[in-house]
Amino acid sequence: MITPKIIKREYKSGFKAEIILKPHFYQRFFGIIIDFGSSDPQKVAGSAHFLEHKLFAKKDGDISSQFEEIGADVNAFTSFNETMFYCSGIEHTPKMIDLLFRLVGEPYFTKQNIAKEAPIIEQELAMYQDDPMWKVNNAIMTSMFGNSNLGTEVVGTKESINQVTKQNLTKVYTENYVPTKMQFVACGDFSDNQVRTILRQVGKLQTKYLADRKDVSTPVSQPVGELSDQVLQAKGNSKAFGLGIRFKNFKKVLSSSDLTQILLEIMLESKLSVMSPWFEKMRKEKLLANPLQISVNYTRQGDFATIFGVSADNQRIIEEIKRVLTQPIDLNSEQYRFIKENFVLQKKEWLARTIRTMNNLSYFAIEMIEENLDHEDLQLNLLKLQTMGFEEFDQICQKLMKDSTICSAYLNSDKEEQ
Amino acid sequence: MTNITIRKNKKFTTAALGCFLRLPLTSHNLAFASLLSRLQSNTSMLYPQIAEQTRRLADLYDLQLDIMPQLFGKEIILTYYANFVEPTEVLDPEYVCQEIIQTISEIITKPDCTPEMLAYAKRQLEDDYRELMEQPANYAIDQFFKLWYRDQPDYAENFMGPIDEIQNATVDEVNRYIESLRDVPVAVIGMGRDHQLMTKLAKFYFTQAGIIKNFQTTGLTIPANKNLIEKVDEQGNAQAQLLMGFGINHTINYQEQIVGLLLSQYLAGDQSSKLFSKIREELGAAYAVEASCFANNSLFLINAGLDPDQVESAKRVILNEIENLAAGNVDEELFKKAQKALYRNTKIGLDSQNWQMGQAFRGELFSDYLDFDRETAIKKVTTHQLVSFVQNLFFNESYILK
């Protein structure tokens, strides 16, 4: 696997930049990531996301329009611990970088423009709320993390969206949009000269917009919810269910949280994937037809996994999943043999996944800057995984899973009750 | 002469191989194509257990094989699309092109329909269909097309064909369907670093009768019948779905398709696009608005998820804007932005293997498609052409799901 060339720079302010070279690609991608997201401390839930929307407003109108004038595309997203603004185009590199820094560095909040944004974000929330799987996910997150910011939808609630004011947006902005918590990424086919020019320009712009800002450290809490099993009344026919696993012992493996995440995903896949003896049994008993959606996440506020699926008998499948995840595995069992064999396949899969990532320039750039923000190294983690033996993997996973708590939720259709 | 074309891969870390079968769109063909796709995604004669086939693909560095029917106007394209890591990326002596292409061809050309696996595929599709329809956006699009093609039921299914036909299919019927596919036109398209070797292997493994049949077709566009219908359904959702369909009054050529794409961009492509700014920014009624040109269906579709109290206002905005454009009132600045965005998307599309494969496929299906210079065409579009395109639209359907 040939890894792309990366040039990194750290400025005096603590602001960091990295340029990833992707020869032969037309797209030029630029982004600024902020180490602050929806589950981080903020008085009103959803403020980080509201801020992401509202930074597009400038005194001279929506800044998107200026990106569009030069043929560039601009967007942003908010996740649990990050907010990212990014743009891409095929030309006008200096102008795109100028605009990106202005987007992130020059807030313009007014009572009017905040009031105007609230109904738009309410519609974003409504769009999610109509999805049955969202209801299950929301119930599980609240069950794991209570009504904390992590337990609440990234965009906030209908009530919190309307509680956002100029004052609290300004507060979260000044406390979090500081050079030590921000990084720049560029990805594309740049010459050596262009790399130097970009790094010089970024240096000037971070000084212009960010240099005087200082990091305000805020205590991080680890909220815990009731971790219950819930039955959700629903108006439709959906048979969606989900489980949440709240890890108590999520620790870095070989100095990497990412590697911990990967190992846990491999472990869960090994027990629950369509190839597993367990799935075959569930399939034959008509409890499952389609694969489960499994994901492991780590955040400053708590570490967890979610498992989603649909089943004709939600109550039973939840019990079966809990059983297969918690019961000890007999070393002479078919399941143990499968997990051992599957570990080899999973190593191949992760290698392939990394190789594939490189083809999608935007995705790759976002992945790389997120890794950088978390002090992780994608390639090194892949190497650590490839050299890990099964026994080591098995022991690590047992420790990571120890004392974890499982909660669940499923939809109960009112039509079925009738 | 066979319909096999493998191009040189110059910049991607993965290779791609697509096998496409062309057959007429009927609701029966679509239902059975969906069923067969699911069957083949699970097992095949050489890999009769789900775990076996999945393991085989995982062992080939997680070879991704997507099997699904795609609709192109009056035709179904039964699509087998494989994406795999280029062997030179991993340098594993057992991971070679011959093994990869042989496996792909075995799964594609040797389907296996047993009563147990048929029942399982049905359950999978039933689950998928039920969960898809529980999402208001999907339900609304399904209903929209059922109304749009209310007089042509063979074209009315948008997701997987009639679910009752899927539920009632027998093993014999599926096997007859598989047999009938042995004769339909087939094209194999690919992209790899060693494209010459891939070509030789594809010629060796894909030898069905259809590979020498004419894959290209004309007349697949479904004309739009002028017959306005407006319908509102109530589900009590948090957000209302509004879908407005405009018929295109003739079969549009490649240049007009570019104009259609430009109109989509002008109306709903970016933040400052016309409907985005009017419905989202001015009314505060939506988070997103979309506009799409379905050239093969003679349909220009505008849709949005909206505050239920603002649906009528949004509908008026859309109708006014279309009327406005038809009267020749084009926002020149916005037109230029849309043109630049479309050009950018086309250029950046070349950075995507899937996009390049999609273009190559259209080159096989449509006559002279690859000779058409899209980039130049985008640059040459005029406001006059945009107005003329809109003048050829007629409002034909409004579907609202609340």
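Me: How much area is buried between chain A and chain B, and what share of it do carbon and sulfur atoms give?
Reply: This is a predicted model, in which local features need pLDDT of at least 70 and side-chain atom pairs count only at pLDDT 80 or more, while totals for chains, interfaces and linings use all residues. Residues are numbered from 1 along each chain as its sequence is written, chains are lettered from A in the order in which they are written, and side-chain values use heavy atoms, with hydrogens and water left out. Buried area is the accessible area (1.4 Å probe) that two parts lose on being put together, summed over both. Between chain A and chain B that area is about 5,200 Å², and the share from carbon and sulfur atoms is 53%.

Me: Which residues of chain A lose the most area to chain B?
Reply: The contact (heavy atoms within 4.5 Å) takes 61 residues from chain B and 58 residues from chain A. Together accounting for 13% of what the chain A side buries, the residues that lose the most area are A:E68, A:Q123 and A:R356.

Me: How far apart are the closest N and O atoms in the salt bridge of B:R280 with A:E117?
Reply: A salt bridge needs a side-chain nitrogen of Lys or Arg within 4 Å of a carboxyl oxygen of Asp or Glu, and between chain A and chain B the count is 5. In the one that B:R280 forms with A:E117, the closest N and O atoms are apart by 3.8 Å.
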